[in-house]
Every structure is written in C-alpha cells, then in structure tokens.
Amino acid sequence: MLNGKKVWAKALFFLALVFGGPSQAAPLNVAKGDILLHIVTQCVDPSKANYCANCMLPRADGGCSNINECKSTNEVWTLNQKYAAIRDIKMCGCPSDFVHGLAIPRDIITGVEDVNREEGIWQFAWGIGLERIESDSLALVVNPKSERTQNQLHVHILTLQKNARSDFVNYPHAYIQNLDRVWSTSQKIAVSQGLPDYGILVARESKDQYIVVVTPKSPEAAFTVWNCSK
C-alpha cells in the first residue's frame, strides 16, 4: 500500500492501545507487513470461531463489543469464497465521496511476483469498483514489490487523477478486451522492458477495451487519487 507507512504506524499504535493493554489476556501478535493477510484470513468472516478474540481489526458489524472507531475496524464491501473487497484504512476520516478499496485473495498470495496469482481478481475488483466509481474514472492498481507495505496481494480500487490518461502513453502499455489477461499481459510487457519488478494499472480504454499500463514505480502515486488530501 503506497505511502501508507505513516498511516499504518498510527493505526498500529492505536491497535496497541486497544488490543495490547492489560485487560487483553492474549494480545495478538501480527507483523506490520501481515496486517492485510490477518484481516482477510481472520477478520472478514464474523462466523469464525472466537472471531472477536482472534481478529485485531474486526468488522464494524461483527458484533465485537466496544470496537467501532474506523481505524480499529474493517468494512467488508463484498465477500465470496475466493476474494474479499474491503475499505482501505485511508478512507477513515475522509469525505463520503472519496473511494479507496482493496480486493484481496483469501488464499496466501504475496503480490505481483507470485506465480499463484489468479486472473479472476481483476474482474472481481472491477465489478466492485463500478459500484462506487464511474467506469471512465475507475482504476485498478497493484504496486511493485519494492513499493508496497503489505505482503498479501491487494488490488487497489481507485479514481484516476484528472489528467492521468494523457500520461499513459509515456509508459509501456497494451490493450486487452477482457480482464482475464491482465497478469499475463503485464508480465510480457515487463519482460520486454527488462523489468524484474513492476506495478500495474488497469483502466477502461473504450467500450470494448481496457488498457494495461506497466510502471517501474508505483502507478498508485503516478495516476490515482489515493488519499483524500491529495
């Protein structure tokens, strides 16, 4: 999650206060880089046994007592057997029209470099995005391994910056008709450009096409409105 170090540091400090005090019999020990993995494996399904005790960021509607502050909860937008879509913590404290979501596989998949990544997450994320952002403004982003703070794959669901499209041509890109070729297309581009690590942005190009843009740095920073103060 780009530029999220300060945000997560504050959140972790808050969580230490909430979950690490003397009243908590068995404080949870989750590494900072594993917070999203913890959320998607322990916190998106409140029907799990001992849910409130085993989840450090429970759903606001999960029935855990005295936990309702935005940064101490997660908000699930959509959940199925393979993927979860949640609110990014950067939405906390922002106006209601600001959107930053995350689509996350429920299996352990680290990121762009993981050979087990599945194409299906792109269509899942796009469908979630269309519920909140106009098609022409919607962007899906995965950051490079070198510029992420979380070691569980997460596709950012974001709004494009006003003039972002004019910059697409300055980066290697390709056009696809379906979202079931994003990983394979971006990998071919990266190989052709000699990029061992890379970020990916997907946006609508026309009624029948999407554009896949590959960047050596974070496309989240280059092209999207990733926080509400930007």
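Author: Let's start with one cysteine: C64 is buried, at a relative accessible area of 12%, where buried means under 20% relative accessible area, exposed means over 50%, and partly exposed is in between (1.4 Å probe, protein chains only). Its partner is C52, with the two sulfur atoms 2.1 Å apart; a disulfide here is a pair of cysteine sulfur atoms within 2.5 Å. C52 sits in helix α3 and C64 in the loop between α3 and β1, so this bond ties together parts that are 12 residues apart in sequence. (Helices, H or I with at least four residues, and strands, E with at least two, are DSSP runs numbered from the N terminus.) The link of C52 and C64 is left-handed, with -95 degrees about the S-S bond. C52 has 34% relative accessibility, so it counts as partly exposed.

Before going on, a word on what you're looking at. This is a predicted model, so local features need pLDDT of at least 70 and side-chain atom pairs count only at pLDDT 80 or more, while totals for chains, interfaces and linings use all residues. Residues are numbered from 1 along each chain as its sequence is written, and side-chain values use heavy atoms, with hydrogens and water left out. The mean pLDDT (the predictor's confidence in each residue, from 0 to 100) is 89 for the protein, and 88% of its residues reach 70 or more. Over residues 2-26, though, pLDDT is below 50, and beyond near neighbours in sequence that stretch has 35 contacts in the model, a contact being heavy atoms within 4.5 Å.

Back to the sulfurs: the structure holds 4 disulfides. Another one joins C43 to C55, at 2.1 Å from S to S. C43 lies in helix α2 (residues 35-43) and C55 in the loop between α3 (51-54) and β1 (76-79), so that pair also ties together parts that are 12 residues apart. The S-S torsion of C43 and C55 is about 120 degrees, so this disulfide is right-handed. Both C43 and C55 are buried.

Then there's C94 with C228, sulfur atoms 2.0 Å apart. C94 is in the loop between β2 (83-87) and β3 (101-105) and C228 in the segment after β9 (224-225), so the bond ties together parts that are 134 residues apart in sequence. The torsion there is about -70 degrees, so the C94 and C228 link is left-handed. C94 is buried at 17% relative accessibility, whereas C228 is partly exposed at 36%.

As for the overall pattern, numbering the bonded cysteines in sequence order gives a pairing of 1-3, 2-4, 5-6, 7-8.
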